[in-house]
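Please look over the sequence and the structure shown here before reading on. The briefing after them is grouped by topic.

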Amino acid sequence: MDAPSKKVTFYNNLTVGTNSKLFSRHLGKIVRDRNMCPLGVSSWNDIKEEKLNHMWAAIEARSNRNAANLAKLKMLHHISSKPIREIIYQKGGKDGNPPNLATIFFETRKKDIKLVEPEAIEKHAQIEEIVQADPSLPSIEIVEKCCGPQTRSHVFGFGGGVKAKDLKGGTSSKAELLFALRSA
C-alpha cells in the first residue's frame with residue numbers, strides 16, 4: 001500500500017509551508033541512499049585518511065568563515081531557522097500580495113513585538129520613510145537606497161535564493177541597451 005501523498009508548496013522556486021521540512025528530509029534520504037544516488041564510496045572506511053582530513057579542514061574553514069561573517073552583522077535576525085521566504089509567503093505572498101520591504105525587515109528582526117537593536121530601528125525608519133515617500137518604488141530600489149548596490153547573488157532583506165536580477169526583472173543585453181539608447 002502506498003503512503004498518502006503530501007502537498008508541497010513552492011514560493012520563489014523554494015519550498016514553504018507545513019511540508020517543507022518533510023520534503024527536504026525526503027530528498028536527503030534519497031541522496032544518502034547509495035542505491036538511488038551512488039557516490040562511488042560504499043563506506044566511510046573506504047576513504048583514505050588524507051581525504052577525510054581534507055574534508056574536515058574544508059568544513060572547519062567554512063565554519064570559521066560563517067562565524068566571522070556572523071560577528072560582522074550589526075542587525076541580527078530573530079527568526080531562528082524559519083526562512084525569510086516563509087515569512088514573506090505567510091504575510092501575503094501566498095495570495096500574490098507579498099509584504100513591502102519595511103514589513104519584511106520588521107518581521108525578521110523583531111524580538112517579541114518590537115525592534116531592539118539601535119541599528120535595526122534606524123534602518124527600519126529609513127526604509128519606512130522611503131516607502132512612504134514613493135509607495136510604487138520597487139523593493140530592489142528601496143534596498144539599494146538604504147544599503148547600496150546589491151550583489152548579483154544576494155539581496156539584503158530577502159534571504160537566500162533571491163537575486164538582484166529577480167527583483168529587477170533580469171538584465172538587458174548590451175545589444176538591447178544600445179538599441180534603446182539609439183532609439184532615444
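Predicted model: local features only at pLDDT ≥ 70, side-chain atom pairs only at ≥ 80, totals over all residues.

The protein has eight helices and two strands, and along the sequence they come in the order β-β-α-α-α-α-α-α-α-α. Helix α4 (residues 101-109) returns in several of the topics below.

**Overall layout**

- Of the 184 residues in the protein, 25% are buried.
- The accessible surface comes to about 14000 Å², and carbon and sulfur atoms account for 54% of that surface.
- Among contacts with a separation of 6 or more, 42% are between residues 24 or more positions apart.

**Confidence**

- The mean pLDDT of the protein is 76, and 70% of the residues score at least 70.
- Confidence is highest in helix α5 (residues 118-133), with a mean of 89.
- Confidence is lowest in helix α8 (residues 174-183), where the mean is 64.

**Nonpolar cores**

- The largest nonpolar core holds 14 residues. The residues with the most contacts inside this core are L101, F105, I127, I130, I142, V143 and C146.
- Helices α4, α5 and α6 (139-147) each give at least two residues to this core.
- Which residues does I127 contact, leaving aside its neighbours within four places in sequence? I127 is in contact with L101, A102, F105, I142 and C146.
- Another core, of six residues, lies apart from the largest one. Among its residues are Y11, V16, I84 and Y89.

**Helix α4 and its surroundings**

- Seven of the nine residues of α4 are buried, so this helix is largely enclosed by the rest of the structure.
- The buried residues of α4 are L101, A102, I104, F105, E107, T108 and R109. They pack against α3, α5 and α6.
- N100 caps the N-terminal end of α4. A side-chain oxygen of N100 lies 3.1 Å from the backbone nitrogen of A102.
- H124 is found in helix α5. This histidine is buried, with a relative accessible area of 10%.
- Leaving aside neighbours within four places in sequence, H124 is in contact with A102, F105, F106 and L115.

**Salt bridges**

- Side chains of opposite charge can pair when their charged atoms come close.
- How many salt bridges does a search of the whole structure find? The search finds two.
- Is E107 buried or exposed? E107 counts as buried because its relative accessibility is 16%, and the cut-off for buried is under 20%.
- K91 is partly exposed, with a relative accessible area of 43%.
- E107 also forms a salt bridge with K110, at 3.0 Å from N to O. K110 is partly exposed, with a relative accessible area of 24%.
- Through shared partners, the salt bridges join K91, E107 and K110 into one network.

**The loop residue D112**

- D112 lies in the loop between α4 and α5. This residue is exposed, with a relative accessible area of 70%.
- The phi angle of D112 is near 65 degrees, which is a positive value in a residue other than glycine.
- Most residues other than glycine have a negative phi.

- V8 is placed in the segment before β1 (9-11).
- At 25% relative accessibility, V8 counts as partly exposed.
- Not counting residues up to four places away in sequence, V8 touches T15, N19 and F23.
- V8 and L22 are 14 residues apart along the chain, and their C-alpha atoms are separated by 9.1 Å.

Note on methods: Residues numbered from 1 in each chain as written. Heavy atoms only, no water. Helix = DSSP H or I, 4+ residues; strand = E, 2+ residues; numbered from the N terminus. Buried < 20%, exposed > 50% of the residue type's maximum accessible area, 1.4 Å probe, protein only. Contact = heavy atoms within 4.5 Å. Areas by Shrake-Rupley, 256 points an atom, 1.4 Å probe, with all protein chains shown as cover. Salt bridge = Lys/Arg side-chain N within 4 Å of Asp/Glu carboxyl O. pLDDT = per-residue confidence, 0-100. Core = buried A, V, L, I, M, F, W, Y, C linked by side-chain atoms within 4.5 Å. Polar contact = N/O pair within 3.5 Å; in protein donor to acceptor, adjacent residues only side chain to side chain.
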